[in-house]
Amino acid sequence: MSAKGAERMVKGRRYPLPDWIQVLLGVFGLLSFTIQTSPADVKIGAMTCLTGALSSFGVSSIQGAKLAIEEINAAGGTLGQPIQLIVEDNGSKAGETATITRKFISQDKVVAILGDLTSSATMEGAPLAQAAKIPLLTPSATNIAITKIGNYIFRSCFIDPFTGTIMAKFALDRLKAKQAIVMTDVKQDYSVGLTDAIRQYFTQNGAGILKTFSYSSGDTNFRTQLTAIRMARPDVIFLPGYYTEAALILRQARQLGITCPFVGGEGWDSPALVQVAGKAADGNYYTDHFSAADPDPRVQRFVQTYRAKFAVSPDALAALWYDGARLLSQAVKRAGSTDAAKIRDALAATRDFEGVTGRISIDENRNASKSGVILKIDNGEPTMVEQITP
Amino acid sequence: MSRSLLSLTFALLICASISFFGENFIASNFAYYYDILISIGVNIILATSLNLVNGYTGQFSLGHAGFMAIGAYASASWSNHLDPVIFGITGGSGNPIATNAAMFVSMFFAGILAAIAGFAVGVPSLRLKGDYLAIVTLGFGEIIRVAILNTDFLGASRGLSVAGTYTNLFWTFGSVVLCAYVVLSLVHSTYGRGFLTVRDDEVAAEAMGINTTKYKVVAFVVASFFAGVAGALYAHFKAFITPEGFNFFRSVDVVVIVILGGMGSTIGVAVAAVLLTILPEALRALAHTQFVPQAYQGLLENRLILYSLLLIVLMLTRPQGLFGDGTAFKKWFGRSRVN
Amino acid sequence: MDKLIEMLQQLVNGVSLGSIYALIALGYTMVYGVLRFINFAHGDIYMLGAYAGFLLAPIFAHTFKFGEFDTFTPQNTLFILSGAGLIMILSMAICAAIGVLIERIAYRPLRERPRLNVLITAIGVSLFLQNITQYRLGADPKAFPQLIPVHVVEGLGNLTILTSQLAIIIATIILLIILRFVVMKTKIGLAMRALSLNPTACSIMGVNNDVVISFTFALGSALAAAAGILVSMDSPSINPLMGNLPGIKAFVAAVLGGIGNIPGAALGGLIIGILETFVVAIGFPQWRDGIAFAVLIVILLFKPTGILGRVEREKV
C-alpha cells in the first residue's frame, strides 16, 4: 500500500513539537512521579467528589472526616502515630474512583480506604479493594449491592431498604395513612431502591400504594404529575428523592392545593430544601441519619466544633463521614497493627460504637445496624419527632 | 505480505509479549500506572476513531460517547449472560484461552453493535452539515444514554457490574494498533481521498460525481466500531458502568483531544490522547505538592475549566492543534507516505 | 368537564413552558440570521441571567420588600411589579453586556475562519461559563429569592393558574411585541434584517456590520436573561447547569420554526413546550427530554428549513 520509492526527507533531527511544549511535557512527566508519601504514618485514603456536580456533598463529607482525624491526631493518633488522611477527588465523574482506588492501593499503600460518597462510585472501587484485600468503609453509600462484593467491604450507614422501611412504618403507624402515592426519581438508584422498600412494607402491612409517579433529577416542573396526584387524594405522599427536586415538588404541590403531608428520606437533608420550598416545607417529614438539633451532648459538641471550624452547621453527610473516619481509626486501634486482615476483623467486630449518628454496630452483612431519626419541618426548622431503632 | 500488514503483525506480537511477560508484574505492583496506561489506550482508540470523522472527513460529531456506551453495555451484557457458554466450551474459566476468547468475542460483539448503531445514526444525519450535524449527533448521544437509563436489564440508574475484568495490555494496545492500522490504511487509500475531498469542498465533490454520503457513512461506521471496542475495553476494566459515565461531557473530552492533536493527524491525536490522559493525574499530583496556593487548587482540579479555556485559546491562536496535519511528524520520521 | 379542565390546565403549563423556550430560541435565531452560526453558549446566558437576579435581589430586597407580600392586591401590584421589573431589566442589561463581550473576544476574531472553529469555540465558552459559575458560586442549587408573590390566580374556578405562570406569559408577550417593534420599525432592526440577507451588500451600503452584530448579540442575550428570571420566579431553584437542557430544546425550537426566522422561533418554542407537557401528561415523564431530540431529528429529516423557514440556496 505505501510507495516503495519513498523519499527520505531527513533535514536534521527536528522534533515536531515547539520547544515550550516539550518543557511542559517534561515538567508534567516529572511531577507525576514525584508523589511523596511519608513512610511511617498510618495512612487512610479518603475519596469523594470535591469538584463537579456533587461537590457540595463532597465538601461536607471531607470536612467531617478531616475534623475527626484532626481530633484523633490531637489526642495522640492511633498506634502511637498520627493518621495521615490522603484525600482524592473523583470530580463527580464515572471511572475516576477506580483509578483513585488503584492509586491508594499501589501508590500510597494505605491501610484502609474511606469512601466513596455515592453508591455508583463505591461500586467501582469496592471490587478493587476486595481483590487487593484492603478494607474499605463507605460512610454514605446506601445501595445493598455494595457490601455483597466481599468481606473487606463495610458500610457505616444504614441501607436503602432500612430507610424505606422506616419511612413506610412511620406513615402507617404515626400518620395513620391508608393510601399513599410514591414519587420516584427514576434517574437515581437511591430513589428507586427506597421506593421498592416502601412498596414492600406498605403492601405487606395491608395498606395500599395507589400509584407510583416518576420524575427525573434535573426536572423543574412537576405540575403534570401533581395535577394527577391531586385527583387521587392520597393520605400521604412518599418522596424518596433528593432535595433539589423535592423542594420544588413541595412548593408546586402546595400551590396546586395538595394538602396531605409528604414523607422523604435523607436525600432531603439540606438547608436549600427550606430555602427553596419556603412555607411549603412545613408540616412534612423525613428520615435522616442525624439531627443537628439532637440534644444529646455528644451531638451538640460535634455541632459546635464543626461550626467553629467551618462556619456552617454540619449536615448528615458531614456527621456520617465524621463517624466513619472515627470508626475506621478505632478499628485500626483495636486491631493493634496495620495488618489489613486484622483491621478487617476489627471492623467486622464493631459493636455499640458511639457516634453522632447513633450507636453503630456492624452486622453480619457488614452493614451498620443503627438508629435513624424522623424529622418534621416546623416553621422552616427540622425538629426531631422520634428516633427509630431497628 | 505487504509491508504495512507486516508491521501490524509485528506490533501485535510485541503487545502480546509485553502482556505475556510483564502483565502480572505491572498490574500488581504498579496498579495506578497500569490504570493510567489502559486509560491511555482507550482514549487513543476513541480519539483516533473520532479523528476519522471530525478530522479527515470534516464532519463534526458530538455523540461519540453514545457509541462507546453501546459498546460498553453490549460487551457487559454479553459477558454477563454468555460467558458461561464460552467457558463451557473451553473447559472452565481458569485458563487464559477461556478469558481471552471471552474478551475477543465480547469486544467483537460490542464493535459490531456499535457499528450498526453508527450506520443507523449516520445515514439520516450525515445529510446535514456543520452545526446541525453537531447537534443531531449530540442528540443521538443523549438519546442512547437516556434509553440505557430507562432499560432495567441494563441496570438503569443503578449501573451494571461487569463479570470478568478481561482487559489487559495486549487487548488494549492490540486494539490501539489495529485501530491505527485501519484508520491509516483507510486514509491512505481511495477512501482517504474521498474523506479529504468531502472535508475540503463537499459541493465540488458532488459535482465531480463522488458519492459524498457513502464516504461520510463509511467514516462514521468505522469510527463507531472502534468507539464500541473502546467501550468494551473500558467496561471490562472498570468492572462497573453507569449511563452517566457516557454523557455529553465524555464526548467533549474526546473532542478536545482530537482538536488538541490537530484534526487530520492520527499520530498527533494519539499523542494528544496520551497528554490529556496523563494531565488530570499530573494535576492530582500537583495538588498534593505545595507548589500551588490553596486558593487555586480547586481551579486546578476543575478539569473542565482548564479544558474549556484550552478549547477557546486553541481556536483563537492555533486552530490546527498542537501537531497540525502531521507534516511535522512526517519530517521527523523522514519518510513521505504520499504515493 | 374534569377532563376538559385538566387539559386546559396542561395547556397553560405548556404555554408557559413554551414561552421560556421561545425567549431563548429568539436569541439563537437572531444570531444565526446575522452570522449563520449557532451560539452554543446561549443557554448559559439564560443561566447567567438567573444568577444575576439571584445576586442582585438582595441589594434591592429592602427597598422593594421582596418576599414580604403574600398575595397580589390592587394596592401593591404596581409596587411589586416595579421591583421585579427592575431586577429583570438590570439582569437583562448585564447579560446583554456579557453577550457582547463574548462575541467580541471569542467570536469576532474567528469570523473569517471555517465555521467549525467558531462552533468549537462556542462549546468552549459554554463549558467555561458553566464551570466558572460552579467554581465560584458552588455547584449546588441555590434558592432564587421571591420577587413576586406566587399563588393561584383568583376567580378561575377549578383552573389552577399561578401568578408566576401568568407573569411568564404576559412578560413574553410584551417582550415579543417590543422585539417586533425593534426589528420592524427601527433603523437598527432594518440593518439586522439586511445583514441576514447579505452581509457584503450591507457594508457597501454603509452599515457598520460589527455594531449590528453586537447589537444582535445584546438583544438575544437580554431575552435569554429575561427567560432566566421568569423561570426562576416560577421554579426558584437555580444551578450552574440549568442552561444545558433548555438551551438545546430552544435550539430545536428555533430549528422547528425555521432558523433565522423570528416569528418561527416563537412558534417553535410554544410547540416544543406544549409537546413536552403532553408527553409527561400521558404518562412518559422519562421521555420529556427525549421528545425535543426526536422532534429535531424528524424535522431535519423531512423539512430542514422548519415550519416558517425559507429554503436557502447555497451558491458556489
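This is a predicted model: local features need pLDDT of at least 70, side-chain atom pairs count only at pLDDT 80 or more; totals for chains, interfaces and linings use all residues.
Modeller: Strands here are DSSP runs of E, at least two residues, and helices are runs of H or I, at least four, numbered from the N terminus; two strands pair if DSSP finds at least two bridges between them.

Biologist: What does Ile44(A) bridge to in β3(A)?

Modeller: Its bridge partner there is Ala112(A). β1 (residues 42-48) and β3 (residues 112-114) of chain A pair in the parallel sense over three bridges.

Biologist: OK, new topic. Which residues touch the most other members of the largest nonpolar core?

Modeller: Ala112(A), Ala47(B), Cys95(C) and Ala226(C), out of 338 residues. Such a core is a set of buried Ala, Val, Leu, Ile, Met, Phe, Trp, Tyr and Cys residues joined through C-beta atoms within 7 Å. Buried means 20 or more other C-beta atoms within 10 Å of a residue's own, exposed 12 or fewer, partly exposed in between, with C-beta atoms placed from the backbone.

Biologist: Which helix gives the largest share of this core?

Modeller: Helix α9 (residues 212-238) of chain B, with 16 residues.

Biologist: And the numbering and confidence?

Modeller: Residues count from 1 along each chain as its sequence is written, with chains lettered from A and ligands numbered from 1 in the order written. Local features need pLDDT of at least 70, side-chain atom pairs count only at pLDDT 80 or more, and totals for chains, interfaces and linings use all residues.
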